[in-house]
Amino acid sequence: MEPWVIILLGLAAYILLVLYIGYRGYKVTKRTLEDYYLAGRGLGVLILMFTIFATYQSAYMYIGVTGFTYEHGVGIWYSNVANLLWAFLFIFIGIPLWRLGKAFGYITQADFFAHRFNSNILRLIIALWMVLGLLPYIGSQALATGRTLTTISSGVIALGVAVMLYAITIIIYTSLGGMRSVAWTDLIQGLLMLGLLFVALEVLLGKVGGIPALFEKVYAIKPELLSIPGPKGLMTPEAWLGYLLCDALGGIMWIQNWVRFYAGKSWKTLALMTFLVPIGTTLMFFFSMLVGLCGVVLEPGLPTGDLVFPALMVKHLPLWTTAGVIIGLFAASMSTVDSISLALSSSISKDIIALAKPELDESSLVNLGRLFVVAVIIAGCIVGYYAAGTYLVVLLTLLSLSLSAVLFPIAVAALYWKRANKYGAIAGIIVGIIIGVKTLLFGPEFAFGIYGGLWAIIGCALTLIIVSLMIPVSDKEARAVEQISRVLSSPIVAMVDINDAYKVETAIKQKYGAIISRLTSNA
Amino acid sequence: MSVTLWFTRKNILAGFVIYCLILFLVLYQYPLLGLFDEPKLFAGVPLFVFYIWLLNLLYIVITAIMIVTVIKGEEGLR
């Protein structure tokens, strides 16, 4: 039997497992937006930890981090440090959003912004920006995974077939069971991607003589790989700071991460993620970095870093390990793409379709959402397929993160600055997008020693502040500010009653306001 | 808008902000990383990787202690 047939059989077993989990999720998921897209806001510590971990870690870890290390060395740790910062920011962004989501019934990312700024235009802008920004990312995942399968099978499985197999699997289990299926499969996928990468690393370390021997050999071959800025001088102080901040702030704003803030069982569940998730990401980065360095010793002279992982698999891993690693790669990649497609489908159905057709009920929106999962994945895979000549996994990811990070100042202001208004938010986003697209896509990437992604964030923040100071907040925005402030500050507020309580209080003030004022002044 | 969050006191939140700034804008940044910016090995591991790993370990331990303390303290606030 051909080796690639054995690999394919292993992959088929994995695919059957995730499809079964998808089916189980389908059986218990109700036809409500909250249940389909947020698993009824009931994810516990273990599931939430793995779904956050697996959603953020993708083929990027297998192909991108190994490839970046191969070319630029240990400077890749900027991305791990960014993961830690991202997790720490849950305290200021994620936990408040959990409570607001529960109090006001947010389903999508744009729900929060539309409520706070009382603007459906802002809702549309954010929804469209996320769709446009994340389709290429889906494409890069499909491309990286499909290419590896094609390489392993020596071209017997064409890239198109590999991408199709990948897409159909995700479409079935994600559209069936929604967030519940995605979160359950993330648990399995997270364990597989971490465990199987470790197995591959063990085999490779055996070939180079262990960790100390690996570092000594790399030191002898190319010592600059073991320090910053690396052999090509990429990781300068400006790049380190800029990449790190854009990675972390963009990670917070990525829609697939954001909706997980709503899905936790309690705020404590989410609080624990600030240190539990970094344990997984730190381990994963360490494994990936070592694999990349093994490539320096075992496969020197590759034309591009992103080739190192497939090359190591083909030439240096035994068949059973390669089969495992392919499954791990599929798991890593699928666990991200399923989450993105689900989050984008929720945004399209609730932020765009429901806006145009408000008469649609929740069940119809869920059914439409299932179709949008299909559409989003197919569109992303087409983008990936036609970008097949490129190898830009880390840089493509960084681009997507940086462009998403433009929204970060808006989120902070929406939560913590009462003067922020919709005009400031819209103007800030537009300015941030223009600066981001100009610097990151057309260059120069660094201006005055600052990374273009950071300029986009700074431009957005300054515009937001200036415009918000020039124009007062509307009455509806002021009301939203008061609601949000109250929900976030009160330790005893009953979440389900907050809207009703506000209505009652407003009615009392309107009817008896004069009497209350008189009594208060007399007292 | 208030920067009060229901689960902890304002001064603790301020402490979180300071901790975050010191950690991510000082300890993890180039001026300090630059001290380890030599491709030499320390205990068989590159000095740079060793330093980052030490900070990561500290982050995980210190953050875990802080979060667990806040979770326990929240019941008192309530």
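These questions and answers concern a predicted model.

Q: What ipTM does the model score?
A: The model is predicted. Its pTM is 0.89. The ipTM is 0.94.

Q: Which element of chain B has the highest confidence?
A: Chain B averages a pLDDT of 87, and 94% of its residues score at least 70. Within chain B, strand S1 (residues 41-42) is where confidence is lowest, at a mean of 82. The highest mean, 94, belongs to helix H1 (residues 10-27) of chain B.

Q: How many residues does the contact take from chain A, and how many from chain B?
A: Several helices of chain A each supply at least two residues of the side that touches chain B, among them H5 (77-88), H10 (211-221) and H21 (475-489). In total, the contact takes 41 residues from chain A and 34 residues from chain B.

Q: Which helix gives the largest share of the side of chain A that touches chain B?
A: The helices that each supply at least two residues of this side include H6 (90-104), H11 (237-253) and H13 (267-298) of chain A. The largest share is 9 residues, and this share comes from H13(A).

Q: How many residues of the side of chain A that touches chain B are nonpolar?
A: This side of chain A includes 4 charged residues. Another 6 are polar. The nonpolar residues number 31.

Q: Why does the end-to-end distance of H13(A) agree with its number of residues?
A: H13(A) has 32 residues, and at 1.5 Å a residue they should span 46 Å.

Q: At which residue does H13(A) bend by about 45°?
A: H13(A) is mostly covered, with 26 of its 32 residues buried. A proline, A:Pro278, follows the bend within four residues. The bend itself is at A:Thr274.

Q: How far apart are the C-alpha centres of domain 1 and domain 2 of chain A?
A: Chain A is divided into domain 1 (3-391) and domain 2 (406-499). The contact between them takes 26 residues from domain 1 and 27 residues from domain 2. Their C-alpha centres lie apart by 26 Å.

Q: Which element gives the most to the side of domain 1 of chain A that touches domain 2 of chain A?
A: The elements giving two or more residues to this side are H6, H7 (109-117), H8 (120-152) and H11 of chain A. The residues of this side divide into 18 nonpolar, 4 polar and 4 charged. The element that gives the most, with 9 residues, is H11(A).

How values were computed. Residues are numbered from 1 along each chain as its sequence is written. Chains are lettered from A and ligands numbered from 1 in the order in which they are written. This is a predicted model: local features need pLDDT of at least 70, side-chain atom pairs count only at pLDDT 80 or more; totals for chains, interfaces and linings use all residues. Two residues are in contact if their C-beta atoms, placed from the backbone, lie within 7 Å. Ala, Val, Leu, Ile, Met, Phe, Trp, Tyr, Cys and Pro count as nonpolar, Asp, Glu, Lys and Arg as charged, and the others, Gly among them, as polar. Domain bounds come from an automatic or database domain assignment. pLDDT is the predictor's confidence in each residue, from 0 to 100. The expected span of a helix is 1.5 Å times one less than its number of residues. The bend at a residue is the angle between axes fitted to the seven residues ending there and the seven starting there. A residue is buried if 20 or more other C-beta atoms lie within 10 Å of its own, exposed if 12 or fewer, and partly exposed in between; C-beta atoms are placed from the backbone.
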